[in-house]
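Hi,

Here is the structure I promised to pass along. Could you have a look at it, and then read my notes below?

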Amino acid sequence: MRGFKRYIGIDYSGAETPTASLKGLRVYMADRASPPVEVMPPPSPRKYWTRRGIAYWLVELLAGDTPTLVGIDHGFSFPLRYFEKHGLKPDWPSFLEDFQHHWPTDKDIYVDFVREGIFGNGAARMGNARWRRLTEERASAKSVFHFDVQGSVAKSTHAGIPWLHFVRQRLPRVHFWPFDGWEIPRGRSAVAEVYPTLWSRGFAQDGRTGDQHDAYSIVSWLSRADADGSLVSLLRPVLTPPERAVARVEGWILGVA
């Protein structure tokens, strides 16, 4: 039996500012009866989504009663080494508060403004590109601190985490997996980190741009995994008790065994 009625895939971008209309920021949605379709932003002078616009849209959408699974392709947390270096409690909600305080990338600024010391206090909360989360090692994914290289998610991660905090503050019933637990209560909406590279080659591109196809692949995979029952086991990756404890702090990429 399916656990969700609706699925959303978001291909994220950390470019420019939270109010910038970004061609690389794409959203696809499907439900049990309909295949994935691209969701365009509300009519405005902006042609494409903004990060702020997506956050407000998610708050409005997830406030309803339709159990929805949202996949977003940026890191939701940092390696345990980061917590240790900065003397932080290994607790994700506390991390969200602390990160937004030092990296206020939900303000109308570029991520690079914080990196360069023009805004915020990023110097007090830097990481190392050699540090990787356990889930990144398993997925052969780049570090969330590996900026300025092809395929990097560092900028989108540093841009997106404050908006996770924004959604979480406004929708306490939404389950952020796995930080709120490995089991998602039935009837609840959930938000999870995804890595479309794991699945995008398995779906025909059909004229979509790379960003569109990543968002399409996310929602297609989520819907299929829920329909065929594989999602249940993927929500419980095979981890030792110590690894599971680490993953509750660092986060986990849904679909990584």
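First, the residue classes I used: Ala, Val, Leu, Ile, Met, Phe, Trp, Tyr, Cys and Pro count as nonpolar, Asp, Glu, Lys and Arg as charged, and the others, Gly among them, as polar. The model is predicted, so local features need pLDDT of at least 70 and side-chain atom pairs count only at pLDDT 80 or more, while totals for chains, interfaces and linings use all residues. Residues are numbered from 1 along each chain as its sequence is written, and side-chain values use heavy atoms, with hydrogens and water left out.

**Overall**

The protein chain comes to 9 helices and 6 strands (DSSP runs numbered from the N terminus: H or I of at least four residues for helices, E of at least two for strands). Along the principal axes, the C-alpha trace spans about 50 × 50 × 35 Å. Of the 257 residues, 54% count as buried (under 20% relative accessible area, with exposed over 50% and partly exposed in between, using a 1.4 Å probe and protein chains only).

**Pockets**

The largest pocket has a volume of about 690 Å³. For pockets I used a 1 Å grid over the protein atoms alone: a pocket is an open set of points where a 1.4 Å probe fits, with protein on both sides within 12 Å along at least five of seven lines, and lining residues have an atom within 4 Å of a point. Grid points are joined across faces, edges and corners, and the volume is the space filled by probe spheres set on the points.

Of the 29 residues lining the largest pocket, Asp73, Gly151, Ser152, Val153 and Ser156 lie nearest its centre. By class, this lining has 9 nonpolar, 10 polar and 10 charged residues.

**Aromatic rings**

There are 21 aromatic pairs in the structure (rings of Phe, Tyr and Trp, the last by its six-membered ring, with centres within 6.5 Å; planes under 30 degrees apart are stacked, over 60 edge-to-face, the rest tilted). Trp92 and Phe179 are stacked, at 3.9 Å centre to centre and 10° between the planes. Trp92 lies in helix H3 (residues 92-102) and Phe179 in the loop between strands S5 (175-176) and S6 (190-193), so this pair ties together parts 87 residues apart in sequence. Trp92 is buried at 2% relative accessible area, and Phe179 is buried at 8%.

Trp163 and Phe166 form an edge-to-face pair, because their centres are 5.3 Å apart and their planes at 70°. They are 3 residues apart in helix H6 (residues 154-170), about one helical turn.

Ring pairs also link Phe78, Tyr82, Phe83, Phe95, Phe99, Trp103, Trp131 and Phe145 into a cluster.

Finally, the charged end of Arg115 sits over the ring of Phe147, 3.9 Å from its centre (that is, NZ of Lys or CZ of Arg within 6 Å of the ring centre and within 35 degrees of the ring normal). Arg244 has its charged end over the ring of Trp182, 4.8 Å from the centre.

Best wishes
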